[in-house]
Amino acid sequence: MASAMLKVAAAGVSRCSAFTLLRSLSTTVPLSQGVPGAVWKLGKLNHIAIAVPDMERATALYRDVLGATVSEKVPLPEHGVYTVFVELGNTKLELLHPLGDKSPISGFLQKNKSGGMHHICIEVDDIKAAVADMKAKNIRTLSTEPRIGAHGKPVMFLHPKDCDGVLVELEEA
């Protein structure tokens, strides 16, 4: 294990991918059980969020063309977005559209005119312990404290520069 850590460090792999690589090398502990000695556990993929320039068109694609069950459009002013959830059986897609001038999705869509994948959301059993652990491992967060997300549960976003270019949302299960 120590040699794997040295190889990861020498290769300059990001902190999130190093953690994932080390976890993938473990053959004794299933991923869902968490890191030995940790006070929190990583859970299942909750959703993949997609920023869309036209919410009605995107909703129609998943509902009318692909036949998925979709939720109503819900405004989340505290996050600056409208959301629609697409049910997929084993997970969900979250369609995001800007709400207001200061929406983080507006900036994303300015850079990506057609929209695209915005973030992934993974469940954790204890958001406060997970956030404290991430901060102790020098993984930056996008806010100082967890906020209430679209499912009414506490969430925290991890900085994409610390997670291989992927914006990761942790959500308490």
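Select Asn 138 to start: you'll land in the loop between α5 and β7 (147-148). Helices here are DSSP runs of H or I with at least four residues, strands are runs of E with at least two, and both are numbered from the N terminus. You're looking at a predicted model, in which local features need pLDDT of at least 70 and side-chain atom pairs count only at pLDDT 80 or more, while totals for chains, interfaces and linings use all residues. Residue numbers run from 1 along each chain as its sequence is written, and side-chain values use heavy atoms, with hydrogens and water left out.

**Stop 1**

Phi is near 60°, a positive value in a residue other than glycine. Most residues other than glycine have a negative phi. Asn 138 counts as exposed because its relative accessibility is 53%; the cut-offs are under 20% relative accessible area for buried, over 50% for exposed, and partly exposed in between, using a 1.4 Å probe and protein chains only.

**Stop 2: helix α5**

Now step back and select residues 127-136, which form α5. Which residues of α5 are buried? Ile 127, Ala 129, Ala 130, Val 131, Asp 133 and Met 134. Show the strands around them: the cover over these buried residues includes β6, β8 (154-158) and β9 (168-172). Then zoom in on the start of the helix, where a side-chain oxygen of Asp 126 comes to within 3.2 Å of the backbone nitrogen of Lys 128. For a polar contact, the pair of N or O atoms must lie within 3.5 Å; within protein, one must be able to donate a hydrogen and the other to accept it, and residues adjacent in sequence count only if both atoms are side-chain atoms.

**Stop 3: the loop between β8 and β9**

Pick Asp 164, in the loop between β8 and β9. Asp 164 has a positive phi too, about 55°, although it is not a glycine. With 47% relative accessibility, Asp 164 counts as partly exposed. Gly 165 sits in the loop between β8 and β9 as well, and at 62% relative accessibility Gly 165 counts as exposed. Draw a distance from Gly 165 to His 119: the two are 46 residues apart along the chain, and their C-alpha atoms are separated by 9.9 Å.

**Stop 4: helix α4**

Next, select residues 104-111 for α4, and colour Ile 105, Ser 106, Phe 108 and Leu 109, which are buried. Why do they sit on the same side of α4? They cover an arc of only 165° around the axis, where the arc is that of the directions from the helix axis to the C-beta atoms. Gln 110 and Lys 111, on the other side of α4, are exposed. Ser 103 caps the N-terminal end of α4, with a side-chain oxygen 3.1 Å from the backbone nitrogen of Ile 105.

**Stop 5: β1 and its partners**

Centre on β1. How many bridges join β1 to β6? There are 7, and the two strands run antiparallel; strands pair if DSSP finds at least two bridges between them. To see one of these pairings, select Leu 42 and its bridge partner in β6, Val 124. β1 is also joined to β5, by 5 bridges, and this pair runs parallel. Here, look for Ile 50 opposite Leu 95 in β5.

**Stop 6: Lys 92**

Follow β5 (residues 92-98) to Lys 92. Lys 92 is buried yet has no salt bridge, and the nearest side chain of opposite charge, Glu 87, is 5.3 Å away. A salt bridge needs a side-chain nitrogen of Lys or Arg within 4 Å of a carboxyl oxygen of Asp or Glu; Lys and Arg count as positive, Asp and Glu as negative, and His and the chain ends are not counted. Beyond residues up to four places away in sequence, Lys 92 touches Asn 46, His 47, Ile 48, Phe 85, Val 86, Glu 87 and His 151, contact meaning heavy atoms within 4.5 Å.

**Last stop: Leu 76 and the whole chain**

Finish at Leu 76 in strand β3 (residues 74-76). Leu 76 is buried, with a relative accessible area of 10%. Leaving aside neighbours within four places in sequence, the contacts of Leu 76 are Val 81, Thr 83, Leu 99 and Ala 150. Zoom out: the protein has 5 helices and 9 strands, and buried residues make up 40% of its 173 residues.
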